[in-house]
Amino acid sequence: MMYLIIELISCTNKGYQINPELNISTDYEQFKNYWLLAQREVCAPVKIEMLKKMIEIYRGPILASATGEHWIMHIQNDYHQKYIGAVNELLRLLYENHNFNLVQDYAQKVLEHEHNNKELYYWMIRATYQMGANAMARAELKNAEKALLEEEYEELVKALEK
């Protein structure tokens, strides 16, 4: 029996990379492709589906075992910022389309690991009010007060008053 050995990682004069001869697509590459497509998409329902797929793909920092290494920090930061941007855009579009239950579901899910994002609280509270659950919305505002910096909380309250 003969085995063909193909290297997963290849070395180039610019550094290491996944062997371009292999047909491998990482979740990070899929995420970036959806990001680029979503940026160009003008049809709200199609954009919503792309943003949902991005959020499903995201599993936290890329190469988490290398967190703290200087060579990966900018990639991890860019990945996370795009994720947060996708979440905020999705919540806005869902809210505009009166899909308040989904706004609440996505915001709740993301708030489990992104406790200090005032945009998440903003959309969560607005959607909850629209659903007529005023007591629940007030409870979320109290949660935001605990999680956010004082200045961010004040900005949230002002935004909600408008």
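Contact here means heavy atoms within 4.5 Å. With that in hand, let's start at Gln76, which sits in helix H3; helices (H or I, at least four residues) are DSSP runs, numbered from the N terminus. Leaving aside neighbours within four places in sequence, Gln76 is in contact with Pro61, Ile62, Leu63, Ala64 and Thr67. Its relative accessibility is 10%, so Gln76 counts as buried, where buried means under 20% relative accessible area, exposed over 50%, and partly exposed in between (1.4 Å probe, protein chains only).

A word on the model before going further. This is a predicted model, in which local features need pLDDT of at least 70 and side-chain atom pairs count only at pLDDT 80 or more, while totals for chains, interfaces and linings use all residues. Residues are numbered from 1 along each chain as its sequence is written, and side-chain values use heavy atoms, with hydrogens and water left out.

Now for the helix pairs. Two packed helices are described by the angle between their axes and the distance between the axes. The axes are lines fitted to C-alpha atoms, for helices over the stretch in contact, and angles run from 0 to 180 degrees between N-to-C directions. For H1 (residues 27-40) and H3 (residues 70-96), the axes come within 11 Å and cross at roughly 50°. That makes H1 oblique to H3: angles under 35 degrees count as roughly parallel, over 145 as roughly antiparallel, 65 to 115 as roughly perpendicular and the rest as oblique. On the H1 side, Tyr28, Phe31 and Trp35 meet Ile75, Tyr79, Lys82, Tyr83 and Ala86 of H3. By class, that contact has 7 nonpolar residues, no polar ones and 1 charged; Ala, Val, Leu, Ile, Met, Phe, Trp, Tyr, Cys and Pro count as nonpolar, Asp, Glu, Lys and Arg as charged, and the others, Gly among them, as polar.

Leu141, Ala144 and Glu145 in H6 meet Tyr153, Leu156, Val157 and Leu160 in H7.

Finally, look at Val103 in helix H4 (residues 100-111). At 0% relative accessibility, Val103 counts as buried. Not counting residues up to four places away in sequence, Val103 touches Leu91, Leu94, Tyr95, Trp123, Met124 and Ala127. The C-alpha atoms of Val103 and Leu93 are separated by 9.0 Å, and the two residues are 10 residues apart along the chain.

Conventions. Helices (H or I, at least four residues) and strands (E, at least two) are DSSP runs, numbered from the N terminus.
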